Amino acid sequence: MPIATTDPATGQVLKTYDPMSDEQVDAAIERADLAFRQLHGTTIAQRGQWLTAAADLLEAERDATARLMTTEMGKTYAAAKAEVTKCATACRFYAAHAERMLADEPADAKAVKAQRAFVRYQPLGPVLAVMPWNFPLWQVMRFAAPALMAGNTGLLKHASNVPQTALYLEDLFRRAGFPEGAFSTLLVGSDAVERILADPRVRAATLTGSEGAGRSIAAIAGRELKKTVLELGGSDPFVVMPSADLDKAAEVATTARCQNNGQSCIAAKRFIVHADVFDAFAEKFAARMSALRVGDPMDENTDVGPLASESGRDELHAQVRDAVDNGASVLCGGEKPTGDGWFYPPTVVTDLRPGMRMWAEEVFGPVAGLYRAASYEEAIEIANGTAFGLGSNAWTTDPAEQERFATDLDAGNVFINGMTTSYPELPFGGVKNSGYGRELSAVGMREFCNTKTVWIGAGEAGPGAGAHSE
Ligand code: NAP
């Protein structure tokens with residue numbers, strides 16, 4: 001894939017970049033290694049000041065940065081502005097809480113026959129971050145803010161269609177005060193990842209992206225014995241039970257499916273509705289989906305902008321056609337527009353069956369699959385009947401049912417009566433083919449830390465021959 005900014009609203013190529021040479025990449029890795037040693041001599045408070053300065057810059061530059069993202073990948077300008085603000089909030093959160101998250105954790109010294117024992121969290125070194133285009137700032141920030149606070153350095157290989165946002169991020173951290181090399185953008189294609197990950201100076205990797213990219217990076221990292229965090233695709237269920245407020249559920253379902261033009265890993269993608277309220281919900285949902293305004297992402301009246309790429313739109317339409325050709329019904333949308341830009345109408349497809357692509361695959365665009373479930377048990381069976389396990393959503397006012405959903409949904413998160421989202425305070429990640437490891441919260445910050453056991457004794461003899469010492 002060429003490294004270029006192509007406006008998805010018009011299909012016009014606006015800027016192209018030559019990929020960095022191996023020598024340029026090696027120099028960036030060297031700078032990241034040197035910066036890691038430099039950060040070793042800094043305090044958490046100092047790094048917090050730099051991260052706070054990054055937040056200040058993000059807020060001051062919000063509108064221009066948002067415009068850049070809209071131009072590179074088509075999200076609405078309003079959504080892009082909210083993304084910048086969220087990034088600033090996350091920077092402030094980690095600046096404020098890293099001291100507590102990274103504090104030594106005392107252990108029971110007596111139980112381990114020590115004078116003193118504790119766990120210390122220390123950074124690993126340069127971390128390679130391979131990132132997707134769908135939230136070009138936030139996906140990077142939710143890795144970078146905690147990783148830099150912990151004292152790691154970052155090497156960003158961003159998606160090839162958002163190079164200007166990628167370069168902005170490097171510039172942002174440098175202007176905020178982080179040492180040269182603490183955060184670098186590598187303008188390279190995905191074919192360069194193997195060589196970078198094999199470099200002994202690179203200590204770990206994080207990937208947010210598709211299942212295929214995850215498998216590839218996990219295989220390389222496995223061979224190289226490097227820690228990885230993988231945030232992959234999702235096909236989140238959104239279950240509606242009879243006790244739910246159907247108007248509210250239909251309203252949130254529409255936003256949950258079409259936010260970010262339908263291109264979110266934690267977008268609700270499969271709407272599983274109890275038979276008792278299926279028809280009523282389907283009518284409300286389809287009405288709301290078809291009322292959304294599709295158009296110029298810079299226009300403040302637009303709800304849904306273009307998809308990020310032509311191939312993404314073709315793939316989405318092929319999934320809809322496959323369902324329809326095999327007997328599914330379209331309640332609204334489903335036609336590929338002609339004209340410039342990679343637009344697609346909000347679409348609701350029902351009568352889906354196993355064997356159809358939409359049943360098994362992630363659907364990355366404003367297209368909802370609507371499923372009928374005869375009971376709670378069948379709703380859970382459909383919800384969990386996927387290879388993915390990222391987010392999940394259930395709508396019920398019955399407290400006992402809420403408890404059951406919290407336990408029974410096989411996913412990295414369960415949101416009840418509200419839209420799935422991410423917060424710096426809460427761990428974020430998936431199970432099954434949605435990946436492993438967590439971002440955000442103290443759990444995310446510690447993913448790229450050495451959880452070091454420290455045992456301090458008085459110098460007595462060891463456990464003695466025959467004792468178990470491993
Ligand atoms: P993608 O094609 O996997 O690309 C993601 C990143 O991985 C890009 O930087 C890409 O580089 C790189 N890449 C692709 N194939 C690679 C390979 N074989 N080896 C090394 N690097 C590789 O995904 P996308 O289309 O950008 O993003 C959409 C996917 O990301 C969806 O599946 C979505 O659900 C998932 N996602 C998950 C989360 C989460 O938190 N779980 C969040 C957002 C998105 P190039 O651009 O140069 O190809």
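Which residues make up domain 1, and which make up domain 2? The domain assignment gives domain 1 as 3–232 + 430–454 and domain 2 as 236–416. This is a predicted model. Taken over C-alpha atoms, the centres of domain 1 and domain 2 are 30 Å apart. The two domains touch: 25 residues of domain 1 are in contact with 29 residues of domain 2.

Start with the six-stranded sheet. Its strands run in the order S7-S6-S5-S8-S9-S19. The sheet is open, and the pairing is mixed. Strand S7 (183–185) and strand S19 (435–436) stand at the edges. Each has a single partner strand, so one side of each has no neighbour in the sheet. Look next at S8 and S9. Strand S8 (residues 204–208) pairs with strand S9 (residues 227–231) over five bridges, in the parallel sense. Within that pair, Ala204 stands opposite Lys227 of S9.

Helices pack on this sheet. Helix H1 (residues 22–40) touches strand S5 (126–130) and strand S6 (153–157). The direction of H1 makes about 155° with that of S6. Helix H8 (residues 211–224) lies across S5, S8, S9 and S19. H8 runs at about 175° to S9.

A second sheet has three strands, in the order S3-S4-S20. This sheet is also open, and its pairing is antiparallel. Strand S3 (105–106) and strand S20 (449–456) are its edge strands, and each pairs on one side only. Two bridges join S3 to strand S4 (residues 116–123).

Now turn to helix pairs. Two packed helices are described by the angle between their axes and the distance between the axes. Take helix H5 (residues 138–150) and helix H6 (residues 163–176). Their axes come within 12 Å and cross at roughly 25°. Angles under 35 degrees count as roughly parallel, and H5 and H6 are therefore roughly parallel to each other. Their crossing is right-handed. On the H5 side, the contact uses Val140, Met141, Ala144 and Leu148. On the H6 side, Leu169, Leu172 and Phe173 meet them. By class, this contact has seven nonpolar residues, with no polar and no charged ones.

Ala95 lies in helix H4 (residues 77–101). Ala95 and Leu148 are 53 residues apart in sequence, yet 10.0 Å apart in space, C-alpha to C-alpha. What does Ala95 touch, not counting residues up to four places away in sequence? The answer is Gly48, Leu51, Thr52 and Met149.

The other helix pair is H13 with H14. The axes of helix H13 (residues 376–384) and helix H14 (residues 399–408) come within 11 Å and cross at roughly 30°. That makes H13 roughly parallel to H14. H13 passes H14 in a right-handed crossing. From H13, the contact takes in Tyr376, Glu377, Ile380 and Asn384. From H14, Glu401, Arg404, Phe405 and Asp408 take part. These residues divide into three nonpolar, one polar and four charged.

The contact of H5 with H6 has no charged residues, whereas the contact of H13 with H14 has four.

How values were computed:
Residues are numbered from 1 along each chain as its sequence is written. This is a predicted model: local features need pLDDT of at least 70, side-chain atom pairs count only at pLDDT 80 or more; totals for chains, interfaces and linings use all residues. Side-chain values use heavy atoms; hydrogens and water are left out. Axes are lines fitted to C-alpha atoms, for helices over the stretch in contact, and angles run from 0 to 180 degrees between N-to-C directions. Helices (H or I, at least four residues) and strands (E, at least two) are DSSP runs, numbered from the N terminus. Angles under 35 degrees count as roughly parallel, over 145 as roughly antiparallel, 65 to 115 as roughly perpendicular and the rest as oblique. A crossing is left-handed if the near helix is turned anticlockwise from the far one by less than a right angle, and right-handed if clockwise. Contact means heavy atoms within 4.5 Å. Ala, Val, Leu, Ile, Met, Phe, Trp, Tyr, Cys and Pro count as nonpolar, Asp, Glu, Lys and Arg as charged, and the others, Gly among them, as polar. Two strands pair if DSSP finds at least two bridges between them. Domain bounds come from an automatic or database domain assignment.
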